[in-house]
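I'd like to walk you through a structure, so let me put it up on the screen.

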Amino acid sequence: MPTTNPALERDALYAKSQVYIRRGFRAHAEKDTEEYQLWASLALELLGKAALAKVHPALVADPDHFHSLFAACGRQISPDIKTITASTLFKRLSHLGKAFDSRHKEACEQMALRRNAELHSGESPFSGMSAEAWEQEFWGAIEIVLGMQDETLESWLGAEDAKAPTKIIQQAQRALEWAVGNRISHCKEDFEKEHKGAKRREKIAGESKFLTWNDHTWDARDRCTCSACHCSGFLGGNLWNEEVIDQESEGSEDFPPMETVKKTFISELFFCPTCKLRLFGTKEISAADLPSEFYQTEDRQREFEEEYGND
């Protein structure tokens, strides 16, 4: 649906993000790491808004500002347009791409907070902060947000400029895979030292099926076999979507109609109470070959809107 204001148009937001990251590259070439991070943070926010606007411009408009909502729906009634905050942006992006997990969300929010402090206060949060401290998380998030728009680093930056970020992402991935493999190996060694013999380990594995985990940080939990000790561990995940897979057409006064809902959760943490292995984020879970998502079904009462009265 067309809009009349570039503040909410996907192509305008995307193009402006390209302008800003190129300014960031120029600052980086001049060894100005503070300005590099400033332009990079602005480019990230604009690119994220472009991803939301591709779904619909209303996702970028401030929901409490009706002028902006009208503009998002193609009706310009005022030049005054307000968009969502960075915090809201990154929350919404987590519902566009499964790989944009809570770790990416937190890293992006921290970058936006530093940017705001740099621009709107007497603080200098970028001062003395090397690019290596934030670049890996930044380019990892950028790659995911580009994927939401069917774009790549090459299409956003140009083939030549994309080489350096691609190298950073690849290095980060290799380091993550090594770190996860090393963590699994150490937990496996410790488990085998503590529990000698196959029968003893089999007994411990059986007992692990009755262990509980009381972390209520996540929307849901599911059991999963540990990559290190092969005991029963837990996945913690956040809701991705839900789908009605069955519903009753009619009920009664005493028994209202019901529906069965299938819920999909993105795995964002794994914990094994037996060997204490912990994995954080979708990338670490993928590197350990654990399920990237899990499902639960729920039977619930169907909800109907109240009848609209004209009396």
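Predicted model: local features only at pLDDT ≥ 70, side-chain atom pairs only at ≥ 80, totals over all residues.

Let's start at threonine 282, which sits in helix H10. Is threonine 282 buried or exposed? Its relative accessibility is 15%, so threonine 282 counts as buried. As for who it touches, leaving out residues up to four places away in sequence, the list is Lys98, Ala99, Asp101, Ile266, Ser267 and Glu268.

With residues up to four places away in sequence set aside, leucine 176 touches Lys283, Glu284 and Ala287. Leucine 176 and alanine 287 are 111 residues apart along the chain, yet their C-alpha atoms are separated by 7.9 Å. For contrast, take lysine 31 and threonine 83: 52 residues apart in sequence, and 33 Å apart in space, again C-alpha to C-alpha.

Okay, zooming out. The chain has 311 residues, and 42% of them count as buried. Its secondary structure comes to 10 helices and 5 strands. Along the principal axes, the C-alpha atoms fill a box of roughly 70 × 70 × 40 Å. And if you take the contacts in the chain with a separation of 6 or more, 64% of those are between residues 24 or more positions apart.

Now the inside. How many residues does the largest nonpolar core have? There are 49, and the ones with the most contacts inside that core are Phe90, Leu93, Phe100, Phe138, Trp139, Ile142 and Trp156. Helices H1 through H8 each supply at least two residues of this core. Which helix gives the largest share? That's H2, with 11 residues. There's also a second, separate core of 23 residues, including Ile204, Ala205, Cys224 and Cys226.

Ignoring its neighbours within four places in sequence, tryptophan 139 is in contact with Ile21, Phe25, Tyr36, Leu153, Trp156, Leu157, Pro165, Ile168 and Ile169.

H6 and H8 pack at an angle of about 105°, and their axes are 9 Å apart. So H6 is roughly perpendicular to H8. From H6, the contact is made by Glu135, Gln136, Trp139, Gly140 and Glu143, and from H8 by Pro165, Ile168, Ile169 and Ala172. Sort the residues of that contact by type and you get 5 nonpolar, 2 polar and 2 charged.

The cut-off here is sulfur atoms within 2.5 Å. Cysteine 272 has 0% relative accessibility, so it counts as buried. Cysteine 187 is in no disulfide either, and the nearest cysteine sulfur, in cysteine 275, is 4.6 Å away. Cysteine 187 counts as buried too, because its relative accessibility is 11%.

Last stop, a bit of backbone. Lysine 31 is in the loop between H1 and H2. Its phi is near 65°, a positive value in a residue other than glycine. Lysine 31 is exposed, with a relative accessible area of 72%. Aspartate 289 also isn't a glycine, and its phi is positive, about 60°. You'll find aspartate 289 in the loop between helix H10, which is 281-287, and strand E5, which is 293-301. Aspartate 289 is exposed as well, at a relative accessible area of 71%.

That's my tour. Who wants to go first?

Note on methods
Residues numbered from 1 in each chain as written. Heavy atoms only, no water. Core = buried A, V, L, I, M, F, W, Y, C linked by side-chain atoms within 4.5 Å. Buried < 20%, exposed > 50% of the residue type's maximum accessible area, 1.4 Å probe, protein only. Helix = DSSP H or I, 4+ residues; strand = E, 2+ residues; numbered from the N terminus. Contact = heavy atoms within 4.5 Å. Axes fitted to C-alpha atoms, helices over the stretch in contact; angles between N-to-C directions. Parallel < 35°, antiparallel > 145°, perpendicular 65-115°, else oblique. Nonpolar A, V, L, I, M, F, W, Y, C, P; charged D, E, K, R; others polar.
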